[in-house]
Structure formats: structure tokens, C-alpha cells
Amino acid sequence: MVPGYQGARVRIAVEGDLRLPASVVTIGGFDGVHRGHQALITAAIGRARRLKVPALVWTFDPLPKVAFGKARPLAPLGERLARIAALGPDWILVAPFTAAYAARSAATFLAALGQVGPREVHVGGDFRFGAGQAGNVAMLARAFPTIVHAPVLCAAGQVVSSSRIRALREAGQDGAAAELLRSEAGAFLAGLIMLSHDLQGHHA
Ligand SMILES: Cc1cc2nc3c(=O)[nH]c(=O)nc-3n(C[C@H](O)[C@H](O)[C@H](O)COP(=O)(O)O)c2cc1C
Ligand SMILES: Nc1ncnc2c1ncn2[C@@H]1O[C@H](COP(=O)(O)OP(=O)(O)OP(=O)(O)O)[C@@H](O)[C@H]1O
């Protein structure tokens, strides 16, 4: 078996096309799918297995910070999806982050989230949503059971973040950046295999 391959099929949907009666959801741009993201997604998948409902990773394309011209992505969408798929969720939902989407209110976003039946939502404490970033975890928690995760730190005790990885790369510290992005050996390959299964499924 390929290391990291969970044996499950990961399905990809576009927001609006998917309705689920129940799920465990985690949400974010997940740029790079670094070790903090991996821990968050893996925890959400663990809870979904325990609750016997599908695990769904809700992400955005383009990344909001890229759409707002604040940063360039660490990796293209295909790599992001493959790295998420390698962690073994049942669904990856991609929301097209258009200007109209970014203008949606926090309440409108919560209504869309409701369509996938969140039994739990897993995010970090800094998660924001809705026009002007008006929505926060307190608002999310009023709508759905919300689990707020403490940030994963690196060996030096600093928060692992996409911004920090970008800064490390810009400073020529590629090794340190790669360490924060590290995942199980073969996991990226396994994710690609799962995605290709998914594409074959769609074309069958
Ligand atoms: C419906 C919606 C509207 C958003 N509008 C804005 C916005 O106006 N300005 C902004 O900087 N970010 C906006 N965002 C992006 C969020 O602040 C945030 O980046 C996104 O939910 C992903 O979370 P993450 O940054 O923790 O990965 C919006 C997000 C959503 C879901
Ligand atoms: N180190 C971390 N540990 C646990 N959760 C994290 C960590 N970093 C981000 N998250 C969570 O992952 C989700 C996606 O976060 P996001 O894509 O903004 O990552 P980020 O690394 O914080 O990016 P940026 O540096 O651009 O702000 C959010 O719910 C966020 O709180």
C-alpha cells in the first residue's frame, strides 16, 4: 500500500452542488497544507469517524488572500487538493472565491455552511469569514457546535503559518520552510492517486 493512502475515495464538490444531512467540517484556505493545517484536518477527520458522518474540508479557490492581492500562493490548487486528499477526508468542497462571493455576509456564509449539515466545525481561533472578515469563531459557535483548536507550534515554539513559510522561503531558508510543510512520506503521491480515482469516477 502507498504510505499515507487511506484506501478511501475522496470526492471533490463545488460549493452549492453538495447537500449533506450530517458532516464534520473544517474550513480554511489551507495554503501549503502545512503541519498546523494537517493537524486540524486530521482532528476533524478523527471526529467524523467517531460520529460516523462524512468528513468535509471546505476550502476556497482562489485563496482569499490571493484574491485580495495580499500574497502569492505557496502551491497551486492541484497540489493543495492532493495534500488535503492524502489526509483522507470524504469530501473536499471548493468554494469559488469570486468578488461576489467575498461580498457575501457572514450570515449568508453560515447559511451555505448549513447545507452540509455540520455536526461539528473545526477551526483555529483566528478563523474569520464574511465580507470585511466580519464573522469570527464566536459567531460560528452560535450557529454550529464549534471546536477551536490551539495553534500547532514548530520546534522553536513559533506558530506554524503559511505567512511564516512564505517569509522563510523569501529569506532563502527553504529547508526550514520545507520542515513546516512536511507530511508523511508518499502522502502527496497518495493524494494524487486518490484524486485521479475521483476523476475516473466522474468520467465513468
Ligand atoms: C463569504 C466570505 C466572504 C469573505 N470576505 C472577505 C473580505 O471581504 N475580506 C477579506 O479580507 N477576507 C474575506 N474572506 C476571507 C476570510 O477572511 C478568510 O480568509 C477565509 O474564510 C479563509 O480562512 P483562513 O484565512 O483562516 O484560511 C471572506 C470569506 C468568506 C467565506
Ligand atoms: N498552526 C496552526 N495550528 C492549527 N490550526 C491552524 C494553524 N494555522 C492555521 N490554522 C487554522 O487552519 C485554518 C486555515 O488557516 P489559514 O489558511 O489562514 O492558515 P494560516 O497558516 O494561518 O495562513 P496565513 O499565515 O496566511 O494567515 C484556520 O481555521 C486556521 O485557524
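User: Which residues come nearest to ligand 1?
Analyst: A residue is near a molecule or strand if one of its heavy atoms lies within 4 Å of it. Around ligand 1 there are 17 residues. Those that come nearest are Gly29, Ala102, Arg128, Gly132 and Gln133.

User: What pLDDT do local features need in this predicted model?
Analyst: Residues are numbered from 1 along each chain as its sequence is written, while chains are lettered from A and ligands numbered from 1 in the order in which they are written. Side-chain values use heavy atoms, without hydrogens and water; in this predicted model, totals for chains, interfaces and linings use all residues, side-chain atom pairs count only at pLDDT 80 or more, and local features need pLDDT of at least 70.

User: How much of the area of ligand 1 does the protein bury?
Analyst: Start with the atom pairs. An oxygen atom of ligand 1 is 2.8 Å from a polar backbone atom of Gly132, and a polar side-chain atom of Gln133 lies 2.8 Å from an oxygen atom of this ligand. Areas come from the Shrake-Rupley method with a 1.4 Å probe; for residues, only the protein chains shown count as cover. Alone, ligand 1 exposes 610 Å², and the protein buries 83%.

User: Is Gln133 buried, exposed or partly exposed?
Analyst: Helices (H or I, at least four residues) and strands (E, at least two) are DSSP runs, numbered from the N terminus. Gln133 lies in the loop between E5 and H6, and its phi is positive, near 55 degrees, though it is not a glycine. Buried means under 20% relative accessible area, exposed over 50%, and partly exposed in between (1.4 Å probe, protein chains only). Gln133 has a relative accessible area of 48%, so it is partly exposed.

User: Which residue has a polar side-chain atom 2.7 Å from an oxygen atom of ligand 2?
Analyst: There are 21 residues around ligand 2, and His34, Lys65, Asp126, Ser162 and Ser163 come nearest. A backbone N or O atom of Phe30 lies 3.0 Å from an oxygen atom of ligand 2, and a polar backbone atom of Val152 is 2.8 Å from a nitrogen atom of this ligand. The residue at 2.7 Å is His34.

User: What is the phi of Phe30?
Analyst: Phe30 sits in the loop between E2 and helix H1 (35-51). Its relative accessibility is 4%, so Phe30 counts as buried. Phe30 is not a glycine, yet it has a positive phi of about 55 degrees.

User: Which residue has its backbone oxygen 3.0 Å from a polar side-chain atom of Arg80?
Analyst: Arg80 is in helix H3 (residues 77-85). At 4% relative accessibility, it counts as buried. In a polar contact, two N or O atoms lie within 3.5 Å; within protein, one must be able to donate a hydrogen and the other to accept it, and residues adjacent in sequence count only if both atoms are side-chain atoms. The backbone oxygen at 3.0 Å belongs to Gly29.

User: Why is E3 largely enclosed by the rest of the structure?
Analyst: E2 runs parallel to E3 with four bridges, and Val25 stands opposite Leu56 in E3. E3 is largely enclosed because of its buried residues, which number six of the seven.

User: What omega does the cis peptide bond have?
Analyst: Look at Pro62, in the loop between E3 and helix H2 (64-67). A cis peptide bond joins Asp61 and Pro62, with omega about -5 degrees.

Technical notes. Two strands pair if DSSP finds at least two bridges between them.
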